Amino acid sequence: MRKKLYVTVCALWGACYTAYNVAFQSEVLANSTEDASAVAMSAYSGIFNLGIGSGTWVGGAVAQAAGIADVGLAGALVGLAAFAVCSVHLVRSIKRAEARAA
């Protein structure tokens, strides 16, 4: 029973990951000109792969220094930091747009 649950959860995570990647590729293409779409997709792919490699590196360092149990905590801290940075930039962007509209 437990094995089926693991397989189901992994399949769900895989489907979500695929949907996320396809959606962001679509956004990159929608927000770039036709001439620059190849460059935009190359940049997106490079940044995506940099994130995968960096996550592996940080996870390995955390596992070696603190233990495998703390890898999730480190990931959560990185996620919270990213959320904070994005929130600050979003608020600034909204305020600039409101100032231009006024």
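Reader: By class, how many nonpolar, polar and charged residues are in the lining of the largest pocket?
Author: A pocket is an open set of points on a 1 Å grid over the protein atoms alone, where a 1.4 Å probe fits, with protein on both sides within 12 Å along at least five of seven lines; lining residues have an atom within 4 Å of a point. Ala, Val, Leu, Ile, Met, Phe, Trp, Tyr, Cys and Pro count as nonpolar, Asp, Glu, Lys and Arg as charged, and the others, Gly among them, as polar. By those classes, the lining has 7 nonpolar, 1 polar and no charged residues.

Reader: What pLDDT do local features need in this model?
Author: Residues are numbered from 1 along each chain as its sequence is written, and side-chain values use heavy atoms, with hydrogens and water left out. The model is predicted: side-chain atom pairs count only at pLDDT 80 or more, totals for chains, interfaces and linings use all residues, and local features need pLDDT of at least 70.

Reader: How much space lies in the largest pocket?
Author: Grid points are joined across faces, edges and corners, and a volume is the space filled by probe spheres set on the points. For the largest pocket, that space is about 300 Å³.

Reader: Which helix gives the most to the lining of the largest pocket?
Author: Helices are DSSP runs of H or I, at least four residues, numbered from the N terminus. The lining includes Tyr20, Ala40, Tyr44 and Phe48. With 7 residues, the helix that gives the most is α2.

Reader: How far does helix α2 reach from its first C-alpha to its last?
Author: Helix α2 covers residues 37–65, 29 residues in number. The expected span is 1.5 Å times one less than the number of residues, here 42 Å. The helix comes close to that, reaching 42 Å.

Reader: What covers the buried residues of α2?
Author: Buried means under 20% relative accessible area, exposed over 50%, and partly exposed in between (1.4 Å probe, protein chains only). In α2, the buried residues are Ala40, Tyr44, Phe48, Gly59 and Val62. Their cover includes α1 (2–30) and α3 (71–101).

Reader: Which residues is Asn21 in contact with, leaving aside its neighbours within four places in sequence?
Author: Asn21 is found in helix α1. Asn21 counts as buried because its relative accessible area is 19%. Contact means heavy atoms within 4.5 Å. With those neighbours left aside, Asn21 touches Tyr44 and Phe48.

Reader: How many disulfides are found in the whole structure?
Author: A disulfide is a pair of cysteine sulfur atoms within 2.5 Å. The search of the whole structure gives 0.

Reader: How far from Cys10 is the nearest cysteine sulfur?
Author: Cys10 is in no disulfide. The nearest cysteine sulfur belongs to Cys16, and the distance is 12 Å.

Reader: Is Cys10 buried or exposed?
Author: Cys10 lies in helix α1. Its relative accessibility is 58%, so Cys10 counts as exposed.

Reader: How far apart in space are Val91 and Ala102, C-alpha to C-alpha?
Author: Val91 sits in helix α3. At 42% relative accessible area, Val91 is partly exposed. Val91 and Ala102 are 11 residues apart in sequence, and in space they are separated by 17 Å.

Key:
Helices (H or I, at least four residues) and strands (E, at least two) are DSSP runs, numbered from the N terminus.
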